[in-house]
Amino acid sequence: MKVVVNFDRCMGNGVCEAVAPQYFSVGDDGVVIPPEGEIPPRDADLVRDAVESCPAKALAISEEETDDKG
């Protein structure tokens, strides 16, 4: 599970950061800094809540497994 951001939609409201501050932050430019890499299964519900809370609908979840072998 990974977070995908539509940076064109992000308004920097910070709702995701308020819900899951260990995974999201809003940079000085007012745009979300998403979590890097896979979300641990134990935090999946928390991150889903943050994604679903985005008022701009700029966040999405990708369940695709990644191949880090390049």
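Along the sequence, the protein chain runs β-α-β-β-α-β. That makes 2 helices and 4 strands, taken as DSSP runs (H or I of at least four residues for helices, E of at least two for strands) and numbered from the N terminus. This is a predicted model: local features need pLDDT of at least 70, side-chain atom pairs count only at pLDDT 80 or more, and totals for chains, interfaces and linings use all residues. Residues are numbered from 1 along each chain as its sequence is written, and side-chain values use heavy atoms, without hydrogens and water.

**Nonpolar core**
- The largest nonpolar core has 18 residues. Such a core joins buried Ala, Val, Leu, Ile, Met, Phe, Trp, Tyr and Cys residues through side-chain atoms within 4.5 Å.
- Val3, Phe24, Val32, Val47 and Leu59 have the most contacts inside this core.
- Strand E1 (2-5) and helix H2 (44-53) are the elements that give two or more residues to this core. H2 gives the most, with 4 residues.
- Buried residues (under 20% relative accessible area, 1.4 Å probe, protein chains only; exposed is over 50%, partly exposed in between) make up 31% of the 70 residues.

**Contacts**
- Contact means heavy atoms within 4.5 Å.
- Leaving aside neighbours within four places in sequence, Val32 is in contact with Val5, Phe7, Cys10, Cys16, Phe24, Ser25, Val26 and Leu59.
- Of the contacts with a separation of 6 or more, 61% join residues 24 or more positions apart.

**Overall dimensions**
- The C-alpha atoms fill a box of roughly 35 × 25 × 20 Å along the principal axes.
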